[in-house]
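Work through the exercises below with the sequence and the 3D structure open. Each task is followed by a solution in steps.

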Amino acid sequence: KVAVVTGAGAGIGRETANLLARKGCRLAICDIDEISLEAVRQELELSGAVVSAHHVDVSKREQMERFAASVVETHGGVHILINNAGVTVYATFEEHEIEDLEWILGVNLWGILYGCKFFLPHLKEAGEGHIVNLSSVFGIIAPPLQTSYVASKFAVRGFSESLRAELAEYHIGVTSVHPGAIK
């Protein structure tokens with residue numbers, strides 16, 4: 001299987017890529033941080049994985065569209081999409097700059113929408129697949145000082161539930177994951 005992992009340069013994305021490699025998946029990983037991305041690519045290759053690394057800002061439509069095309073060209077298809085990339089700013093809504101809101105929603109929501117939109121035709125072509133969208137425990141509860149993050153993660157949760165219903169007949173599963181605080 002070919003698995004795509006966004007935000008693979010650290011944290012959940014890195015660990016997910018390593019787990020998928022141990023399961024025998026060929027990997028296409030992306031991150032905006034080129035140095036971290038390259039370190040993970042080397043780590044995966046040393047473990048014997050077949051991996052391609054792509055410098056991508058998931059909030060940019062054109063980059064995500066090119067990423068999907070490049071993955072299919074390199075690996076011949078896609079079976080698993082892990083939309084993991086995510087960001088936050090710890091502040092009250094009033095303290096947030098408009099640019100903070102655009103950045104958080106761009107990465108956390110648009111990154112997932114672009115990932116699903118541009119990889120879905122390839123998942124359908126494979127005849128089966130699975131999409132995993134990283135939400136958060138803050139997609140279930142809404143604490144203060146995280147308003148924009150909460151908005152993005154509630155949206156991911158609702159989007160994922162609706163998409164799951166739409167894709168069931170195509171043998172494409174959709175899972176929304178809600179981790180708590182991580183390092």
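This is a predicted model: local features need pLDDT of at least 70, side-chain atom pairs count only at pLDDT 80 or more; totals for chains, interfaces and linings use all residues.

**Exercise 1.** Leaving aside its neighbours within four places in sequence, which residues is Ile131 in contact with?

Solution. Residues are numbered from 1 along each chain as its sequence is written, and side-chain values use heavy atoms, with hydrogens and water left out.

Step 1. Contact means heavy atoms within 4.5 Å. With neighbours within four places set aside, Ile131 touches Leu81, Asn83, Cys116, Leu123, Leu163, Leu167, Ile172, Gly173, Val174 and Thr175.

Step 2. A nonpolar core is a set of buried Ala, Val, Leu, Ile, Met, Phe, Trp, Tyr and Cys residues joined through side-chain atoms within 4.5 Å; buried means under 20% relative accessible area, exposed over 50%, and partly exposed in between (1.4 Å probe, protein chains only). The largest such core has 30 residues, and Ile131 is among the five that touch the most other members, with Val4, Phe67, Val71 and Phe119.

Step 3. Find the contributors. Helices (H or I, at least four residues) and strands (E, at least two) are DSSP runs, numbered from the N terminus. Two or more residues each come from strand 1 (2-5), strand 2 (26-31), helix 3 (61-75), helix 4, helix 5 and strand 6. Helix 4 gives the most, 10 residues.

Step 4. A separate second core holds 18 residues, including Ala17, Leu27, Ile82 and Leu134.

**Exercise 2.** Describe helix 5 and the two loops that flank it.

Step 1. In the loop between strand 5 and helix 5 sits Leu145, with a positive phi near 70°. Leu145 is classed as partly exposed because its relative accessibility is 29%.

Step 2. In the loop between helix 5 and strand 6 sits His171, a non-glycine with a positive phi of about 60°. His171 counts as exposed because its relative accessibility is 59%.

**Exercise 3.** Which residues line the largest cavity, and which lie nearest the centre of the largest pocket?

Solution. Step 1. On a 1 Å grid over the protein atoms alone, a cavity is a set of points where a 1.4 Å probe fits but cannot get out, and a pocket is an open set with protein on both sides within 12 Å along at least five of seven lines; lining residues have an atom within 4 Å of a point.

Step 1. One cavity of 30 Å³ or more is counted. The largest cavity has a volume of about 40 Å³, and its lining is Thr6, Val58, Asn83, Asn84, Ala85, Val107, Gly111 and Ile112. Helix 4 supplies the largest share, three residues.

Step 2. The largest pocket contains about 810 Å³ of space. Of its 34 lining residues, Asn84, Ala85, Gly86, Val87 and Thr88 lie nearest its centre. Helix 4 gives the most to this lining, four residues.

Technical notes:
The expected span of a helix is 1.5 Å times one less than its number of residues. Grid points are joined across faces, edges and corners, and a volume is the space filled by probe spheres set on the points.
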